[in-house]
Amino acid sequence: MLALTQRATSLLAQPTVLLSQASYAVLAAQVARGDLKALRHTVWRSAGLALAVALPIVLVLAFAGNRLLVTLGGASFEGGTVLLILIAGARAAGLASAPLASGLTALGLPGRSMTIGLVTSLVLYPLLPAMLWAFGTDGAGWHALLQNGVAIVALAVLFRRDAKADPA
């Protein structure tokens, strides 16, 4: 069920890498010019736009998710809509976090986003078995949403703080 929901939400996962790569050159140029105001504007606007684009997709998956899962996987996957919505929400948070991570990298702080990814994975991983026990298969979705939610909040806090300081 989890693998199928991940495939069904790949529409939200694939643009994350492309958005990071595409935005980095623009953000690095802004940092090179010393234009931190433009950097902050671009990063926050990009993150907001990513969420604005992802939200309708998550809503469509919420309403048509059951039919999509049955179409992709067969009748045995009926009823997996909650997991699909949770995974889609987690991927939407991942999509919105891409500009924040690129902004930190443009500031010369790539270790910040890598550390957040590593720490959220390692610290929250022990919760996965408990969440699976408590919520069944949906626990994997809750775990993914928690992990990406913590990551985007941490990236936002660090970017907000670091984009006010002088670039490294």
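**Ser-97 and helix α4**

I started at Ser-97, which sits in helix α4. This is a predicted model, so I am reading computed geometry throughout. Is Ser-97 buried or exposed? With a relative accessibility of 13%, Ser-97 counts as buried, because the cut-off for that class is under 20%. I also checked Ser-97 against Asp-35: the two are 62 residues apart in sequence, and their C-alpha atoms are 21 Å apart in space.

Next I looked at the helix axis. Where does α4 bend? I found the bend at Ser-97, about 30 degrees, with a proline, Pro-99, following within four residues. I then wanted the end-to-end length of α4.

How many residues of α4 are buried? I get 22 of the 26, so I noted the helix as mostly covered. Past the end of α4 comes Gly-108, and its phi is positive, near 85 degrees.

**The largest pocket**

Ser-97 turned up again here. The largest pocket has 16 lining residues, and Ser-97 is one of those nearest its centre, along with Gly-117, Asn-148, Ala-151 and Leu-155. I put the space in this pocket at about 290 Å³.

Which helices supply at least two residues each to the lining? I listed α4 (81-106), α5 (110-124) and α7 (138-162). By class, I have nine polar and seven nonpolar residues in the lining, and no charged ones.

**Aromatic pairs**

I searched for ring pairs and the structure gave me two. One of them is Trp-44 with Phe-159, an edge-to-face pair with 5.6 Å from centre to centre and 75 degrees between the planes. What does this pair tie together? Trp-44 belongs to helix α3 (residues 36-73) and Phe-159 to helix α7, so the contact links parts 115 residues apart in sequence. I looked up the exposure of both partners. Phe-159 is buried, at a relative accessible area of 0%, whereas Trp-44 is partly exposed at 36%.

Phe-135 and Trp-142 also pair. I have their ring centres 6.2 Å apart and their planes at 40 degrees, so the pair counts as tilted, falling between the 30 and 60 degree cut-offs. Phe-135 comes out partly exposed at 45% relative accessibility, and Trp-142 is partly exposed too, at 37%.

**Leu-145 on α7**

While on α7 I checked Leu-145, which lies in that helix. The C-alpha atoms of Leu-145 and Gln-21 are 23 Å apart, for a separation of 124 residues along the chain.

**The whole chain**

Last, I stepped back to the overall picture. How many helices and strands does the chain have? I count seven helices and zero strands, so the pattern along the sequence reads α-α-α-α-α-α-α. The C-alpha trace spans about 55 × 30 × 20 Å along its principal axes. What share of the protein chain is buried? Of its 168 residues, 39% count as buried.

Terms used
Residues numbered from 1 in each chain as written. Predicted model: local features only at pLDDT ≥ 70, side-chain atom pairs only at ≥ 80, totals over all residues. Heavy atoms only, no water. 1 Å grid on protein atoms, 1.4 Å probe; cavity = no way out; pocket = protein on both sides within 12 Å on 5 of 7 lines; lining within 4 Å. Points joined across faces, edges and corners; volume = space filled by probe spheres on them. Nonpolar A, V, L, I, M, F, W, Y, C, P; charged D, E, K, R; others polar. Bend = angle between axes of the 7 residues up to and from the residue. Buried < 20%, exposed > 50% of the residue type's maximum accessible area, 1.4 Å probe, protein only. Phe/Tyr/Trp six-rings, centres within 6.5 Å; stacked < 30°, edge-to-face > 60°.
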